[in-house]
Amino acid sequence: MLLPSRMAVMNYLSQVEMASVSEVMDHLKADYGSEKQFNYSMYLDHLMALEANGFSELVKYELDESDNLILFYKITDDGNQAVEKYVPQKYRVS
């Protein structure tokens with residue numbers, strides 16, 4: 001059984017310093033890639049919802065070679081506490 005995708009995003013953020021939407025999707029593709037909702041728009045929505053609830057924050061943004069905006073998020077202390085409280089140990093990195 002998998003974590004709900006938004007919780008999986010937050011769990012991944014707890015394991016890295018920061019990540020872009022594409023990096024989050026690359027990491028979760030093996031488990032969630034076959035889902036219909038596995039698309040950039042939905043995962044951007046997950047990160048923005050986590051930010052709106054105080055679990056992540058936008059730390060930087062930049063433009064790629066094609067002038068596409070890349071957003072980078074990191075987890076907050078509240079986000080880390082939520083991961084510790086709600087994500088089973090088997091999904092967390094030791």
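**Close-up views of a predicted model**

**View 1. The largest pocket holds about 160 Å³ of space.** The model shown here is predicted. Twelve names make up the lining: Leu-2, Leu-3, Ala-8, Asn-11, Tyr-12, Gln-15, His-27, Leu-28, Asp-31, Tyr-32, Tyr-91 and Val-93. By type, the lining residues divide into 8 nonpolar, 3 polar and 1 charged. Asp counts as charged, and Asp-31 is on the list of lining residues. Which helices each supply at least two residues of the lining? They are H1 (5–13) and H2 (21–32). H2 gives the most, with 4 residues.

**View 2. Helix H1 is largely enclosed by the rest of the structure, because 7 of its 9 residues are buried.** The buried residues are Ser-5, Ala-8, Val-9, Met-10, Asn-11, Tyr-12 and Leu-13. What do they pack against? Three of the partners are strands: E1 (19–20), E2 (56–63) and E3 (69–75). The others are helices: H2, H3 and H4 (77–86).

**View 3. His-46 sits in helix H3, which spans residues 40–52.** Is His-46 buried or exposed? Its relative accessibility is 6%, so His-46 counts as buried. The cut-off for buried is under 20%. Look next at the side chain of His-46: it makes a polar contact with the side chain of Ser-5, at 3.1 Å. Beyond its neighbours within four places in sequence, His-46 is in contact with Ser-5, Arg-6 and Val-9.

**View 4. Phe-38 and Tyr-43 are both buried.** How many aromatic pairs does the count give? The count comes to 1 aromatic pair. Phe-38 and Tyr-43 form this pair, and its geometry is edge-to-face. The ring centres lie 5.1 Å apart, and the angle between the planes is 70°. Planes over 60 degrees apart count as edge-to-face.

**View 5. Ser-56 belongs to strand E2.** With a relative accessible area of 3%, Ser-56 is buried. What does its side chain reach? The side chain of Ser-56 comes to 3.2 Å from the backbone nitrogen of Glu-51.

**View 6. Asp-67 lies in the loop between E2 and E3.** Its relative accessible area is 59%, so Asp-67 is exposed. The cut-off for exposed is over 50%. Now check the backbone. Phi of Asp-67 is near 60°, a positive value in a residue other than glycine.

**View 7. Leu-69 is found in strand E3.** How exposed is Leu-69? It is partly exposed, with a relative accessible area of 48%. Which residues does Leu-69 contact, leaving aside its neighbours within four places in sequence? They are Tyr-40, Tyr-61, Glu-62 and Leu-63.

Key:
Residues numbered from 1 in each chain as written. Predicted model: local features only at pLDDT ≥ 70, side-chain atom pairs only at ≥ 80, totals over all residues. Heavy atoms only, no water. Buried < 20%, exposed > 50% of the residue type's maximum accessible area, 1.4 Å probe, protein only. Polar contact = N/O pair within 3.5 Å; in protein donor to acceptor, adjacent residues only side chain to side chain. Contact = heavy atoms within 4.5 Å. 1 Å grid on protein atoms, 1.4 Å probe; cavity = no way out; pocket = protein on both sides within 12 Å on 5 of 7 lines; lining within 4 Å. Points joined across faces, edges and corners; volume = space filled by probe spheres on them. Phe/Tyr/Trp six-rings, centres within 6.5 Å; stacked < 30°, edge-to-face > 60°.
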